[in-house]
Amino acid sequence: MRGIWDEIRTDCESGARRLVAEYGNRLYAAALLLCRNAEDAEELVFRTFERAVSRIGQYEPKGEFFSWLYVIMLNFRRMDLRRQGPDVVSVGSVTDLPEEEDTSLVDALSGVDAEGIRLALRRIPYILAEVLVLRFFEGRSMEEIAAMAEIPVGTVKSRLYNAKAAFRAALAAEGIKGLGGEA
């Protein structure tokens, strides 16, 4: 089967339809976690697909295609946030945290509805939500997150450490209990 990038290059309309069909739901789900509302998420996904189609010649099929799309989406989201003004957050000075097993937070969220998770994610600063989404909802490694976010692995670990604490507090603020333990 031909890659989507090849199809877009040879038949743009057909390739774009296939792109949306194969990646639309997954990209929209990630965008909903990163945006403040469904309208912003839809706009972000639309712009991501539009950019991907227009710049398909820049894609080199050596990595995962979804990662390429996700980086486009992250860059658009960051541009939007820069236009809105700074989202100041202290990410602490922890730069050499051990990589821990992350299943505790995932297991704790198994009984939480998606809307509760989205509401809690909206309460934490974007730079923290970004690493949380990539790690727990997209299953990315620290190294993948560092490459996608264009930051050092130590910064990913620091942000993730702070993100988990902020996320637990945000879940509690939303009235979601039972996530005891430390971040």
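The legends below describe close-up views of a predicted model, in which local features need pLDDT of at least 70, side-chain atom pairs count only at pLDDT 80 or more, and totals for chains, interfaces and linings use all residues. Residues are numbered from 1 along each chain as its sequence is written, and side-chain values use heavy atoms, with hydrogens and water left out.

**View 1. The protein chain has 9 helices and 0 strands.** Helices (H or I, at least four residues) and strands (E, at least two) are DSSP runs, numbered from the N terminus. In order from the N terminus, the elements read α-α-α-α-α-α-α-α-α. Of the 183 residues of the protein chain, 46% count as buried; buried means under 20% relative accessible area, exposed over 50%, and partly exposed in between (1.4 Å probe, protein chains only). Contact means heavy atoms within 4.5 Å. Among contacts between residues at least 6 apart in sequence, 67% join residues at least 24 apart.

**View 2. Helix α3 (residues 38-54) crosses helix α4 (residues 65-84) at roughly 125 degrees.** The axes of α3 and α4 come within 9 Å. Axes are lines fitted to C-alpha atoms, for helices over the stretch in contact, and angles run from 0 to 180 degrees between N-to-C directions. The crossing of α3 past α4 is right-handed. A crossing is right-handed if the near helix is turned clockwise from the far one by less than a right angle, and left-handed if anticlockwise. From α3, the residues Leu44, Arg47, Thr48, Arg51 and Ala52 meet Trp68, Leu69, Ile72, Met73, Phe76, Arg77 and Asp80 of α4. By class, this contact of α3 with α4 has 7 nonpolar, 1 polar and 4 charged residues. Ala, Val, Leu, Ile, Met, Phe, Trp, Tyr, Cys and Pro count as nonpolar, Asp, Glu, Lys and Arg as charged, and the others, Gly among them, as polar.

**View 3. Buried residues of helix α3 are Ala41, Leu44, Val45, Arg47, Thr48, Phe49, Ala52 and Val53.** Their cover includes α1 (4-10), α2 (12-34) and α4. The 17 residues of α3 should span 24 Å at 1.5 Å a residue, and the end C-alpha atoms are 24 Å apart, which agrees. The expected span of a helix is 1.5 Å times one less than its number of residues.

**View 4. Tyr70 is part of helix α4.** Tyr70 counts as buried because its relative accessibility is 1%. Leaving aside residues up to four places away in sequence, Tyr70 touches Leu27, Ala30, Leu34, Val133, Leu134, Glu138 and Met148. Tyr70 and Ala149 are 79 residues apart along the chain, and their C-alpha atoms are separated by 10.0 Å.

**View 5. Glu150 sits in the loop between α8 (142-149) and α9.** Its phi is near 55 degrees, a positive value in a residue other than glycine. Most residues other than glycine have a negative phi. Glu150 is exposed, with a relative accessible area of 63%.

**View 6. Helix α9 (residues 153-173) has 21 residues.** From first C-alpha to last, α9 reaches 30 Å, close to the 30 Å expected at 1.5 Å a residue. Buried residues in α9 include Val156, Lys157, Ser158, Arg159, Leu160 and Asn162. Just after α9, Gly175 takes a positive phi of about 85 degrees.

**View 7. Lys157 and Ala170 both belong to helix α9.** Lys157 has 19% relative accessibility and therefore counts as buried. The C-alpha atoms of Lys157 and Ile145, 12 residues apart along the chain, lie 9.8 Å from each other. Ala170 counts as buried at 4% relative accessibility. Not counting residues up to four places away in sequence, Ala170 touches Ala120, Arg123 and Ile124.
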